[in-house]
Amino acid sequence: EFRRVLFRSLRSDGMFNRKKERILGLIGALLAAALIGFTLYLCIQITLEPGKYDEIGIHFTSSDIQAMYMMYIPAFIASIISAFAALNTDKNPKICGIIMIVTAIIIIFSNIINIISFILLMCAGVMCLVRKEKKSFI
């Protein structure tokens, strides 16, 4: 009983269980992908029907739309890559941590609305880089 309580973060195969990093990374990456995907959808709607939003005062030039695409498409791709990296935190925690931190920086530069995703991905990335594996003496 004492061993199980003391070493409960160790999995049965002896590897370190990084459940917290995985959950934070997945929530942050999927939230970012959802928000950026919705913003891309709005950009596509503005591109396809340019005069539709003139009534409410939204006017974008073609260079504005192109700049939005150049910001949001790489951020969307980075958030998807970060979601896959969050699933593999047990195997390569250092690489996954670096991917999550880089994704968080890309996401915050693309859209300030993603501040929650930025915080979650930064926390998960730092936790992946900092947490050390506990050695079992059993």
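Reply: Start at Gly 97, which sits in helix H4. Helices here are DSSP runs of H or I with at least four residues, strands are E runs of at least two, and both are numbered from the N terminus. This is a predicted model, in which local features need pLDDT of at least 70, side-chain atom pairs count only at pLDDT 80 or more, and totals for chains, interfaces and linings use all residues. Residues are numbered from 1 along each chain as its sequence is written, and side-chain values use heavy atoms, with hydrogens and water left out.

Gly 97 counts as buried because its relative accessibility is 0%. Buried means under 20% relative accessible area, exposed means over 50%, and partly exposed lies in between, with a 1.4 Å probe and protein chains only. What does Gly 97 touch? Leaving out residues up to four places away in sequence, its partners are Gly 125, Cys 128 and Leu 129. Touching, or contact, means heavy atoms within 4.5 Å. Met 127 is 30 residues from Gly 97 in sequence, yet the two C-alpha atoms are 7.4 Å apart.

Asn 92 lies in the loop between H3 and H4. Its C-alpha is 9.0 Å from that of Cys 128, across 36 residues of sequence. With a relative accessible area of 42%, Asn 92 is partly exposed.

Now the wider setting. The protein has five helices and zero strands. From the N terminus, the order of elements is α-α-α-α-α. Of its 138 residues, 36% are buried. Take the contacts between residues at least 6 apart in sequence: 76% of them join residues at least 24 apart.

Next, H4 against H3. Their axes come within 9 Å and cross at roughly 155°. An axis is a line fitted to C-alpha atoms, for helices over the stretch in contact, and angles run from 0 to 180 degrees between N-to-C directions. H3 and H4 are therefore roughly antiparallel. The scale is this: under 35 degrees is roughly parallel, over 145 roughly antiparallel, 65 to 115 roughly perpendicular, and the rest oblique. H3 and H4 cross left-handed; that term applies if the near helix is turned anticlockwise from the far one by less than a right angle, and right-handed applies if clockwise. On the H3 side, the residues include Tyr 72, Ala 75 and Ser 79; on the H4 side, they include Cys 96, Met 100 and Ile 107. By class, the contact of H3 with H4 has 14 nonpolar, four polar and no charged residues. Ala, Val, Leu, Ile, Met, Phe, Trp, Tyr, Cys and Pro count as nonpolar; Asp, Glu, Lys and Arg are charged; the others, Gly among them, are polar.

Then H4 against H2. These axes come within 11 Å and cross at roughly 30°. H2 and H4 are therefore roughly parallel. This crossing is left-handed. H2 supplies Glu 21, Gly 25, Ala 32 and Ile 36, while H4 supplies Met 100, Ile 107 and Ser 110.

H2 covers residues 19-48 and H3 covers 62-87; the angle is about 155° and the axes are 8 Å apart. H2 and H3 are therefore roughly antiparallel. H2 passes H3 in a left-handed crossing. The H2 and H3 contact holds 21 nonpolar, six polar and one charged residues.

Finally, the core. The largest nonpolar core has 18 residues, with Ile 36, Met 68, Tyr 72, Met 100, Ile 107 and Leu 121 making the most contacts inside it. A nonpolar core is a set of buried Ala, Val, Leu, Ile, Met, Phe, Trp, Tyr and Cys residues joined through side-chain atoms within 4.5 Å. H2, H3, H4 (93-110) and H5 (115-130) each give two or more residues to this core.

Two of its members deserve a look. Ile 36 lies in H2 and is buried, as its relative accessible area is 0%. Beyond four places in sequence, Ile 36 touches Tyr 72, Ala 75, Phe 76, Ile 107, Ser 110 and Asn 114. Leu 121, with neighbours within four places set aside, contacts Met 100, Thr 103, Ala 104 and Ile 107, among others. Gly 25, Gly 28, Ala 29 and Ser 82 are also among the contacts of Leu 121.
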